[in-house]
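Let's take a walk through this structure together. Have a look at it first, and then we'll go piece by piece.

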Amino acid sequence: MRRQRHGLPMRIAVVLGTALLVINGTFPLVWMMLTSLKDENELIRIPITYWPEAITFQNYVQVFDQLPFARFMLNSAVVSISATIICVLIAALAGYALGRLNMPYRRALLTGIVMTSMFPALVLLVPLYRMFLGMDVPLLSPLVAFLHDLGMTFMPTEVRTPNLLNTYWALIIPYVALSLPIATLILTSFFQLIPRDLESAALVDGCTRVEALFKVIAPVSAPGVVTAAIIIFVNSWNEFLLALTFNTAQSMRTVPVGITMYQGEFAFPWATISAAITVGVLPLVALILLFQQKIIAGLTAGGVKG
Amino acid sequence: MSAGAPYLRKEGLALALSPATSAYRRPGLWRRLRSGNPTEAQLGLILLIPAALVLALVMFWPIAQVLWQSLHFERLNVPARGRPFIGLEHYQRMLWGSDMTWDVRHLLGWRLLAFAGAAGLWWGAARGVARWRTALVWTVVALLVAGLWMGYHPGEAGRWNDARFWNAFSITLLITVASVVGSFLVGLPLALLANVESRWRWLVRIALLIPWAMPRVLVGVMFAWLFNYTNGVVNDLLGRVGIAGPLWLSRADPAIWAANITIVWATSAFVGLILLAGLQSIDESLYEAAMVDGASRLQRFWAITLPLLRPSIAVALIFRTLTAIQTFDIPFAMTQGGPGRALETLGIYVSNTTNSLNLGYAAALAVALFVMSLAITVLYLRWIYAED
């Protein structure tokens, strides 16, 4: 499309620039992979080696030996996939309402939802910790206590939420909330692209509006849902602060938190850490390789309209 | 009331009660839902309920709690003191320090002058020289300044402020400015390059997506290794061109720049992606028209690309600034906020305060962070809407 006839110097500049761009984007990760293939002694040698002299997979064995890294991967997978499914469902409903239906205050509602993505997750740290520790349910708890005092002794004196710390829910719930604004934005813009005629045809054929939603709109919106799902998944897989604070038991750590646990008090086992990073970002790299165009479409839909 | 009113009212009542007319009423919400055919607005509201519930429970309720909590003393390691209400004391400590005393005699002359000014304003308002509302607002301001600020002076220790808060504030500010500017300086060329049609476009896309998709903590860990003094690749490359690389992560100044470079690497790709979308939405014919008019490449960039890219730039700017204010992961992973407190951003300060179990003060710090993001969002939004 944009293919004007460039002069030779321009073409060389573009090729060089592109090469630089690719190196810039991939070099740190490639360097980690190279590091993970060297043995500990080679790492502390000066001058440093670029290509590993003797390729060893010992570090990868170390990763799984020192800490239950497979468990970390499982935890991350469970949390991220659950959060993705729940968040996509909720965001799809909201996106359909905001993107397709004639609603009063549609734009204001969308702006409001998107604005919540600007809340720092850090602010949520302490109150969510309290909430997950277990707390009196507002409104319900005083009511029950009041009834208890009135003589209905079969009523409990308070209603407490369960302690969710060190469970998957402690992460799934905030991850759903943190990704909800961006997912809603993406899905809203996708629903806006689906032609209205498609739905009207179904309505004319005697479908109710709810039936039309499930039979006509749901299949067509699959690409948008996939895009939103990937972005939610990546967000959830990468989250660090909440996972560090809420799930402190070894067996409930997620991958980003787990990797920071390899470093000792003074020593940095760089070979092991780099091997762990390489394994830990594999799912992300796989997603990028498979869905690069979809991810970019989703990110820019989220960005340009926001 | 006119003479015909009772008659009209009677008829209106009869209309409302007659069975014949109730058939003309639109079916209510419940009936429409039961029949599976709600109106669009009703269906929309119902579909929004789950999202509203989640946001209310996990976003708005906690934020309200943080606001409330910041007005209370609470240290989990001093359980005996409980959770008393202390008003704005935390904010006072944050902005002015904890060893402050309030004293009527402090700066008495200036305070008398402020009171005289307020009295003058009211005199003016009474005489019709100034507006009442202006007079009211300025009086409140003058009284607050005169009463609160001018009455405070350093206490026994002679300390004026929470040095740690202002240290964290200035580091956050420095990182915000440097990394936002840096990510645009890197991100714009990335977007321009990625917009060129070529066989290698898929590779370019991957190179743009990898920094975006990497967990920020792991980016920090990775770059800590790249910036390692003896075995890091950065110092090795610098050594090859004859520059002695600094002790990146154990001296304050290089550490800030190492962190900034890392943040720029991690975020410029996102800026590039947003700008790329903006570039692709620019109408090709504009460039052709400019070519016909004989505009040079640079002129086309300044006259077409940059102005039309403005919305994308604004969006990327907002997102980048907000994430930069909340910077936590990368400095935390690189040096845990060290050396000393050289990389202790506001985010790390909040987290450290939480870990030392001073929940009340941590909440106040979090509110400060929140207010900063809110202020910047509002500022940017006003700027964008003013452009429209």
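In H11(A), the buried residues are Gly224(A), Thr227(A), Ala228(A), Ala229(A), Ile230(A), Ile231(A), Ile232(A), Phe233(A), Val234(A), Ser236(A), Trp237(A) and Asn238(A). Here, buried is for a residue with 20 or more other C-beta atoms within 10 Å of its own, exposed is for 12 or fewer, and partly exposed lies in between, with C-beta atoms placed from the backbone. That makes 12 of the 17 residues of H11(A) buried, and the helix mostly covered.

A word on the ground rules: this is a predicted model, where local features need pLDDT of at least 70 and side-chain atom pairs count only at pLDDT 80 or more, while totals for chains, interfaces and linings use all residues. Residues are numbered from 1 along each chain as its sequence is written, and chains are lettered from A and ligands numbered from 1 in the order in which they are written.

Helices (H or I, at least four residues) and strands (E, at least two) are DSSP runs, numbered from the N terminus.

Now zoom out to the chains. Chain B puts 77 residues into the contact and chain A puts in 76, where two residues are in contact if their C-beta atoms, placed from the backbone, lie within 7 Å. On the side of chain B that touches chain A, helix H4 (residues 40-69) of chain B gives the most, with 17 residues.
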